[in-house]
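Please look through the sequence and the model shown here before reading the report.

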Amino acid sequence: MEKYTPDKKCIVMTRDEVRAFDKWAINTLGIAGVVLMENAGRSCAEMIKERLAGIENPKVCIFCGTGNNGGDGYVIARNLLNSGFRVAVTICGEKSKIKGDAKANLDVLEKIGQPIEQINLKNDNIPNRVKAFTAGADMLVDAILGTGLEGKLKGEYLELVESINVRNLPVLAVDIPSGLDCDTGKPLGTAIKATYTVTFVAVKKGFTLSRDAAEYTGEIFVASIGVEPNLQTAL
């Protein structure tokens, strides 16, 4: 894992390029998506363990969306549990929408006995739920929305993001802060203000274009998912 700084030469990818790379890794190389997800989530967990190394009996609260970003969150939770962390997990949205590799990792987490909470974005008092869920946390994990987000956030997601931000706790964003546009680096209405962002494969284009992006990404680290972009261009 390498830390990104604006003066460092690095590979930069757009939303579409990231999607194409993932498809290449899965369809051409034959690496199962669940393996890529495992590698991504484990990298985030390692970062969290490093940052909370000086805290006794640390607690991490993980917000998971219903897509693959949430799947990364379940992998993070399992890896932290294996290291003795106190972990709380909540699904932000309808559990029935979780499919594929994300569902596989959620199933594993439930089978090992991890309680899974759920925030009903349409009916719950979101600020109160977020406040209660994050009580006693040493770090929050934003695994809600990934690089595929386009268009402004809807009302309930705006409220969710703002409710997380006002907790004023350290936040690790998975791949990209929820609400930040991958290609422009600008918030789509609002975005998670992360302390750290662990982004996968390459630096996202928006991180390099907008001066405002750093307000949301915090420190940026680039993590491998088990195969590198330079291999794709070499073949």
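This is a predicted model: local features need pLDDT of at least 70, side-chain atom pairs count only at pLDDT 80 or more; totals for chains, interfaces and linings use all residues.

Residues are numbered from 1 along each chain as its sequence is written, and side-chain values use heavy atoms, with hydrogens and water left out.

Eight strands form an open sheet with mixed pairing, in the order S1-S10-S8-S7-S6-S3-S4-S5; strands (E, at least two residues) and helices (H or I, at least four) are DSSP runs numbered from the N terminus, and two strands pair if DSSP finds at least two bridges between them. Strand S1 (2–4) and strand S5 (116–119) stand at the edges with a single partner strand each, so one side of each has no neighbour in the sheet. From one strand to the next, the twist averages 25°. Strands S3 (residues 59–64) and S4 (residues 86–92) run parallel and are joined by six bridges, with Ile-62 opposite Val-89 in S4.

| Helix | Strands touched | Angle |
|---|---|---|
| H2 (residues 33–51) | S3, S6, S7, S8, S10 | about 155° with S8 |
| H5 (residues 126–133) | S3, S4, S5 | about 155° with S5 |

The structure holds 14 salt bridges, each defined as a side-chain nitrogen of Lys or Arg within 4 Å of a carboxyl oxygen of Asp or Glu. In one of them, the side chains of Arg-19 and Asp-16 meet at 3.7 Å, N to O. Arg-19 and Asp-16 are separated by about one helical turn, because they lie three residues apart in helix H1.

Technical notes. Axes are lines fitted to C-alpha atoms, for helices over the stretch in contact, and angles run from 0 to 180 degrees between N-to-C directions. Contact means heavy atoms within 4.5 Å.
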